[in-house]
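Notebook open, model loaded. I'm jotting down what I looked up, in the order I looked.

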Amino acid sequence: MSSAKHSTETLGARSRAATWLLAASWLVPGLGHWILGKRVRAVVFAVVIVSAFVTGVLLNGELGVPKPQNPFSWLATFACIGDGLLYVVRMVWLNGLGGAISGFPFGLSGGGDPTLAGFAYGNTFFYTGGLMNLLVVLDVSDIASGEKD
Amino acid sequence: MDHLLLMCWHAILVSVFFAFLWRSDASGRLKLFLKTLLIMVVGSTLLGWLMFPFP
């Protein structure tokens, strides 16, 4: 009985730790791998994802924000939210802290200028960076569960 | 703005990412990086040429 209770507590603690690990991995690209001791991969993933995001900003891309009349904007939002804290910081940068909070979710501006040549490229870099970070989160999950080295 | 340069930069980032995600040894990473990069850059350029006659 005591052993079963101990086992349940251990499982609960592991589950909480895994949740925090995945959240950290999503918020800061590469942090999950860093915590798990995969330092080289952590640095490479961080550099790649941040580079993609910064390129998106420099090319005047638009971060995905949900628009009620445009269902595809939800997919773009999902991809961009994958960037974690970078997405949040950029939103606050563009809308101000008050604007980001009061405008959530449908009154946010994703920035960007569609009249500029780099707009579509910038969007692509944002989506790619976010989706890569989501794959990194899945990789952290696999490593933490022992399914991958 | 150089479109080809941007495409190559995008291909480099994605190739490095998948090389480190899917391979754990140095030679495997290098091979996958080069293969992915080549497929994306050459494939996109060829596709661009094929699409050229269409409006």
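Predicted model: local features only at pLDDT ≥ 70, side-chain atom pairs only at ≥ 80, totals over all residues.

Started with Phe45(A). Leaving aside its neighbours within four places in sequence, I find Phe45(A) in contact with Pro29(A), Gly30(A), His33(A), Val136(A), Phe17(B) and Phe20(B). Contact here means that the C-beta atoms of two residues, placed from the backbone, lie within 7 Å.

Residues are numbered from 1 along each chain as its sequence is written, while chains are lettered from A and ligands numbered from 1 in the order in which they are written.

**Core.** Next I asked which residues have the most contacts inside the largest nonpolar core. They are Phe45(A), Val48(A), Ala52(A), Cys80(A) and Phe17(B), in a core of 29 residues. For the record, a nonpolar core is a set of buried Ala, Val, Leu, Ile, Met, Phe, Trp, Tyr and Cys residues joined through C-beta atoms within 7 Å. Buried means 20 or more other C-beta atoms within 10 Å of the residue's own, exposed means 12 or fewer, and partly exposed is in between, with C-beta atoms placed from the backbone. The elements that each supply at least two core residues are α3, α4 (72–81), α5 (85–102) and α6 of chain A, together with α1 (3–22) of chain B. The largest share, 7 residues, comes from α6(A).

**Chain A overall.** I count 6 helices and 0 strands in chain A. Helices (H or I, at least four residues) and strands (E, at least two) are DSSP runs, numbered from the N terminus. Of the 149 residues of chain A, 35% count as buried. Its C-alpha trace spans about 65 × 35 × 25 Å along the principal axes.

**α3(A) on α6(A).** These two helices pack at about 155°, axes 7 Å apart. Axes are lines fitted to C-alpha atoms, for helices over the stretch in contact, and angles run from 0 to 180 degrees between N-to-C directions. That angle makes α3(A) roughly antiparallel to α6(A); the label applies over 145 degrees. From α3(A), the residues that meet α6(A) include Phe45(A), Val48(A) and Ala52(A). Val136(A) is among those on the α6(A) side. Ala, Val, Leu, Ile, Met, Phe, Trp, Tyr, Cys and Pro count as nonpolar, Asp, Glu, Lys and Arg as charged, and the others, Gly among them, as polar.

**Leu138(A).** Leu138(A) and Ser25(A) are 113 residues apart in sequence, and I read 9.3 Å between them, C-alpha to C-alpha.

**Where the chains touch.** I find 17 residues of chain A in contact with 11 of chain B. On the chain A side, α3 (39–58) and α6 (119–144) each supply at least two of the residues that touch chain B. That side has 9 nonpolar, 5 polar and 3 charged residues.

Note on methods:
Parallel < 35°, antiparallel > 145°, perpendicular 65-115°, else oblique.
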